Amino acid sequence: MLLPKYIIGISLFLGLFAPLSEANAGLYGFDSINPYTEEENILHMAYLPEKIINYRNEMRNNLLMLIDYAHSQNPDFQIISHEGQDLLTKSRWEYALEGYNKVRLQKIGIDDPYFLFNQNISLLPTIEGSPEHRYQNAVDSIVINNLYCGKGYEQDYTFNNNIGHITIEHCQTEDALDRAVARSLLDEKAIFAFTNKSLAFSDIKSQLLINDSARNIKKVSQAKNISFLLDDHLYDTAEDMIKAISDTNYDVVIIKPIFQNSYPFTKEDIKRLSLKKNGAQRLIIALLNVSEASYKDYFWNPHWKLGNPSWLIRESFVSPNTYITQYWNEEWKTIISNYFKDIVTTGYSGVFFTGIENHQYFEHQTPLE
């Protein structure tokens, strides 16, 4: 059971967040609360740092730390990430960063300052045992935003691995939703689709159950459908929410592990939730934002504020009263590790990692010259 343990120049390669639209989900790709400020878009550094952190690799290493622990306790623990495709391979930005750090630290000159442009980085192999290779092999499925209902065309996501795809679709019309569902069935992808975003993530009865199944589900790759019940404000009690979920046949249900930020679901609750209405087994997956802290989190210290502690860096792009952290900070890593440990020991089938693309914010603020 989850218990409180704390009372307590321009970038060469710029990672930008996907276009955001309004919703109540607090998910990247579906909310825009605090966009980039004018000051943040005017990149300036008074002096060049001796070394720039590889923000992507710090994120990979944090995720791998958590994943390794989960698999040591339960080899079948399922790992689902929200977006984060750019963590699967070593990027051009990372190669540029290596060159920069090499020059700054070792005072080595580069005859051709545009050497990166003379290579096809995308064709370089992923080295076995590297963080990106290990991360590829550790993720069971990636949740993609608007694969079919995006900018009027199907986005092209091709991974050179066996990672599964789940898609969240905010479709503007019922016809667009029907087309998205048809394509997902052809592509054999689990889909979570909606047109009314106001209740999309909060009312399980109004969600569209697609491809109903009576199978026992042990792995996310077996799932034919999925529910994201990330906003629990419509339920008066945890018991109300448990009953609402139990009255459905979803193969996978993703929830916050603490109901209304006050009641942590117990092992017995998870056992009940793991049974579909038809009696078959399903997966109950816990939401975990690995790079953001909110005043509603059980570990929040009432004395904290932006900049205090120093690793609370910026207001979240998508969630009010929430802050992006320096996720490589040791204090934050301890907090999130303890939170994750409780998720694993409570008996969830897996985790849904969010906030993993916040490395892009730090890259955006760190020019490579």
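In this predicted model, helix 2 and helix 4 (residues 131–138) pack at an angle of about 45°, and their axes lie 10 Å apart. Helix 2 and helix 4 are therefore oblique to each other. The crossing in which helix 2 passes helix 4 is left-handed. On the side of helix 2, the contact is formed by Asn57, Arg60, Asn61, Leu63, Leu64, Ile67, Asp68 and His71. Helix 4 contributes Pro131, Glu132, Arg134, Tyr135 and Ala138. Sorted by class, the residues of this contact comprise six nonpolar, three polar and four charged.

Helix 2 (residues 55–73) also packs with helix 8 (residues 330–346): their axes come within 10 Å and cross at roughly 30°. Because angles under 35 degrees count as roughly parallel, helix 2 is described as roughly parallel to helix 8. Here helix 2 passes helix 8 in a right-handed crossing. The residues of helix 2 that make this contact are Asn62, Met65, Leu66, Tyr69, Ala70 and Gln73. From helix 8 come Lys333, Ile336, Ser337, Phe340, Lys341, Val344 and Thr345. The contact of helix 2 with helix 8 holds seven nonpolar, four polar and two charged residues.

Two packed helices are described by the angle between their axes and the distance between the axes. The table sets out these values for both pairs.

| Helix pair | Angle between axes | Distance between axes |
|---|---|---|
| Helix 2 and helix 4 | about 45° | 10 Å |
| Helix 2 and helix 8 | roughly 30° | within 10 Å |

How values were computed:
Residues numbered from 1 in each chain as written. Predicted model: local features only at pLDDT ≥ 70, side-chain atom pairs only at ≥ 80, totals over all residues. Heavy atoms only, no water. Axes fitted to C-alpha atoms, helices over the stretch in contact; angles between N-to-C directions. Helix = DSSP H or I, 4+ residues; strand = E, 2+ residues; numbered from the N terminus. Parallel < 35°, antiparallel > 145°, perpendicular 65-115°, else oblique. Left-handed = near helix turned anticlockwise from the far one by under 90°. Contact = heavy atoms within 4.5 Å. Nonpolar A, V, L, I, M, F, W, Y, C, P; charged D, E, K, R; others polar.
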